[in-house]
Amino acid sequence: MRVLASPGLSVLKFGASLLADADGYRAVAMELLREVGGGRRVLAVVSARRGVTDALLSEARALGHRGDSDLQARLLGTGEEASAALLALAVRQVGLRVAALSAGELSLRTEGPADDAVPVGLAGEALRDVVRTHDVTVVPGFVGRDAAGRPTLLGRGGSDYTALFLGAWLGAEEIRLVKDVDGVFLGDPRTPSTGRADALRSATWDEVARLGNGVVQPKALAFAASRGVAFRVTGLGGRGTGVGRDRSVRRLPV
């Protein structure tokens, strides 16, 4: 895989759990404003709004569709396209120079099944040129194009893969997967039995995979491990967990 050095670039991925409504998009825009205020340019990778992918899939099944196809990929990808445009609108409102690319403009090239493909490259230098000239560039996660130009999907949780792949491809200084929980935990942070002491300050790729809690898409995690791509899992404004070569260290409770 080709790597382009991009000093001062952060790649931030925002999941569906953060993008439920207008307030969610505004909160993400403020996170991006803080990042740019710290001297970074940002590539923001977004999932569809919460519930949209399942709703679209239900509509397809109501019409008798069963199984994967490029038409299903085209349909489900509209959720990410709309989400990218919505976030760009929110970012513009906070005064940043923002661009939003469609899946076609991004041209993330993939191989494999239409509903579970893997990214293998980018077509051209368009993304790098746009990133250089804007504070924030917003792109849809989860979606790609095969060698024939047909729409593909990267599987459930595939926006994680988009962010890690693009961050590695561009040589970003930082990659963050921003979730509704602040990092990787030994248990489920949403249950009363899991305290803040269960949060990890650092963990290796293999340790995160063994936890099996789905906080990072498994095949995206395998890609990061195979390429030595370090990243962080955080909440909005959180400390999170660094994932890479450093073995697990528990984070002290605040």
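Okay, let's start with the second largest pocket, which holds about 200 Å³ of space. A pocket here is an open set of points on a 1 Å grid over the protein atoms alone, with protein on both sides within 12 Å along at least five of seven lines. The volume is the space filled by probe spheres set on those points, and the probe is 1.4 Å.

Quick background: this is a predicted model, where local features need pLDDT of at least 70 and side-chain atom pairs count only at 80 or more, while totals for chains, interfaces and linings use all residues. Residues are numbered from 1 along each chain as its sequence is written, and side-chain values use heavy atoms, leaving out hydrogens and water.

So, who lines that pocket? Lining residues have an atom within 4 Å of a point, and among them are D21, Y25, R26, R49 and L86. Helix α1 (22-37) gives the most, with 5 residues; helices are DSSP runs of H or I, at least four residues, numbered from the N terminus.

Now the largest pocket, at about 710 Å³. It has 34 lining residues, and K13, A16, G157, K179 and G214 are the closest to its centre. Both α2 (52-62) and α6 give two or more residues to this lining.

And α6 has a partner. The axes of α6 (158-170) and α8 (218-227), lines fitted to C-alpha atoms over the stretch in contact, come within 8 Å and cross at roughly 20 degrees. Angles under 35 degrees count as roughly parallel, so that's what these two helices are. Where they meet, with heavy atoms within 4.5 Å, L164 and F165 are among the α6 residues, and F223 is one of those from α8.

Note on methods. Axes fitted to C-alpha atoms, helices over the stretch in contact; angles between N-to-C directions. Parallel < 35°, antiparallel > 145°, perpendicular 65-115°, else oblique.
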